[in-house]
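Here is a short briefing on one protein model. Keep the sequence and the 3D view open as you read.

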Amino acid sequence: MADKFDLVVIGAGPGGYEAAIEGVQKGMKVALVENRELGGTCLNRGCIPTKTIIHTAELYHELQSGPSIGLTVREPAVDMEMVQKRKDEVLEQLRKGIASLMKTNKISVYYGTGTILDREHVKVAAAEDTSEGKTEGKSEGKTEGKSEEQPGGQKQDQVVLETSHILIATGSVPACPPIPGSSLPGVVTSDGLLDKKDMFEHLIIIGGGVIGMEFASVYSSLGHGVTVIEALDRILPTMDKEIAQNLKMIMKKRNVDIHTGAKVEEILQTEDGKGLICRYTEKDKPCEARADGILIATGRRAYTGGLITDESSREVKDMAMERGRIITDEKYETSVPGIYAIGDVTGGIQLAHAATAQGRNAVAHMAGEDMVIRTDIIPSCVYTNPEIGCVGISADEAKARGMEAVTKKYIMSANGKSILSQQERGFIKVVADSGSHRILGAQMMCARATDMISQFAVAMANGLTLEDMAKVIFPHPTFSEGILEAVR
């Protein structure tokens with residue numbers, strides 16, 4: 001006999017576990033299925049471990065300029081084993097926090113691979129590997145850290161859950177293009193690089209997007225050589241051009257070698273077998289770069305492993321998909337009624353906070369309520385040094401859409417907090433409708449940009465104008481003063 005629930009969530013990343021909590025708050029009985037660790041990619045292999053290491057790299061970088069502010073440190077060094085230990089401690093603490101939330105909200109957690117059998121049934125089969133050390137395919141239920149036996153008093157390798165609604169939140173995995181030699185030792189994805197106990201002396205990064213440039217910032221801040229090879233005509237190709245140009249200049253000052261409009265052809269081992277050669281074409285000219293490590297950071301793809309199998313009904317097998325991602329409507333419902341999907345598995349913007357918002361909206365729709373979160377206004381952040389925060393549209397995007405817009409810009413080199421803390425060159429740009437002055441977007445490249453960009457998101461969600469934002473008094477000295485100067 002199947003365990004019965006109102007909602008079964010497959011995937012315990014930010015989108016999944018937050019949706020599970022939302023379901024409980026709306027009176028639902030909820031189960032959460034996860035085949036690895038609680039927290040998903042963001043907590044275990046993405047946002048949190050990356051930013052933990054970035055924090056160390058930024059502190060080390062600041063120490064290098066210590067003498068100019070009267071701070072002397074003798075021979076600072078980075079112990080990567082300790083960095084990894086600290087990273088693991090952070091992850092464990094946050095995982096325990098999520099487990100506690102599940103227990104408090106009486107959400108039954110099943111460790112294993114979730115397979116959708118039909119609209120109302122999900123099978124959870126034992127996963128081959130569970131880093132959490134929990135028993136696969138069993139409900140963790142109300143007992144934190146322990147696996148409960150299923151009805152009947154016997155441990156099972158699989159269990160079937162009966163439910164009124166299913167929410168798919170299985171996330172994504174690194175996408176690796178078919179580059180000859182990409183399986184050679186020393187060639188890694190972000191997952192592998194995050195687990196590495198030491199550092200490559202020189203790192204070649206294939207891909208100049210967010211993941212690639214964050215790792216370039218880490219390695220360069222720690223004094224290691226970096227070469228970035230990007231196929232498009234600029235790094236961070238989805239962001240404002242000035243941001244890309246500014247970051248490129250800063251990275252070059254830190255001896256990061258950046259090649260854009262460059263196509264990688266193959267990866268080879270060096271003659272002595274101790275290094276790697278990346279051959280690429282730039283401006284129709286054959287080139288090569290040498291290093292002891294190569295990071296493939298060419299994006300991520302939707303993960304649907306084990307979700308639909310031969311056991312699934314014909315209706316589920318025919319679920320609308322495109323290039324491996326699940327297609328949904330504006331209510332996050334798939335082509336199969338009662339089955340929803342959110343986050344990276346649906347394509348689009350691949351951000352943890354976007355998945356969380358989508359999950360909450362999807363659960364609201366299941367409960368017959370209005371979806372109140374504005375998922376058309378999603379801030380994007382890049383944790384380079386300086387940080388980057390963007391929301392809404394840029395001036396170029398406004399022009400491409402035929403919109404009349406004005407742009408206000410403030411250079412942060414005039415900001416007192418930026419000067420006293422020795423920040424790199426930065427700026428704040430605001431895009432507003434030329435007639436109403438309503439905020440359409442903002443691009444920030446400065447210290448604490450990722451913390452401050454939400455002010456513009458709030459302004460956009462509430463239809464505020466430049467004049468509305470200029471009414472506010474900002475404290476001095478702060479980085480946020482730059483926002484006031486920009487809107488004025």
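Val-188 stands opposite Leu-295 in strand 15. The model is predicted: local features need pLDDT of at least 70, side-chain atom pairs count only at pLDDT 80 or more, and totals for chains, interfaces and linings use all residues. Residues are numbered from 1 along each chain as its sequence is written, and side-chain values use heavy atoms, with hydrogens and water left out.

**The five-stranded sheet**
- Strand 8 and strand 15 (residues 293-296) run parallel and are joined by two bridges.
- Strands here are DSSP runs of E with at least two residues, helices are runs of H or I with at least four, and both are numbered from the N terminus.
- Five strands make an open, parallel sheet in the order 8-15-9-10-11.
- Strand 8 (187-188) and strand 11 (256-260) are its edges, each pairing on one side only; pairing takes at least two DSSP bridges between two strands.

**Strands 2 and 3**
- Strand 2 (residues 30-34) runs parallel to strand 3, with four bridges between them.
- Glu-34 has Tyr-111 of strand 3 as its bridge partner.
- From strand 3 (residues 108-111), Ser-108 and Tyr-110 point one way, Val-109 and Tyr-111 the other, and all are buried.
- Buried means under 20% relative accessible area, exposed over 50%, and partly exposed in between (1.4 Å probe, protein chains only).

**Annotated binding site**
- An unreviewed UniProt entry gives the annotation "binding site" to Lys-51, Gly-114, Thr-170, Gly-171, Ser-172 and Asp-344.
- These positions span 294 residues of sequence and are also spread in space, up to 29.7 Å between C-alpha atoms.
- Such annotations may be inferred rather than shown by experiment.

**Gly-114**
- Gly-114 sits in strand 4 (residues 113-118).
- Gly-114 counts as buried because its relative accessibility is 7%.
- Beyond neighbours within four places in sequence, its contacts include Ile-10, Val-33 and Leu-307; contact means heavy atoms within 4.5 Å.

**Thr-170 and Ser-172**
- Thr-170 is in the loop between strand 6 (158-168) and strand 7.
- A polar atom of the Thr-170 side chain lies 2.7 Å from the backbone oxygen of Tyr-303.
- Outside four places in sequence, Thr-170 is in contact with Ile-10, Tyr-303, Leu-307 and Val-345.
- Ser-172 belongs to strand 7 (residues 172-174).
- Ser-172 is buried, at a relative accessible area of 4%.
- Leaving aside neighbours within four places in sequence, Ser-172 has contacts including Tyr-303 and Asp-344.

Definitions and conventions
Polar contact = N/O pair within 3.5 Å; in protein donor to acceptor, adjacent residues only side chain to side chain.
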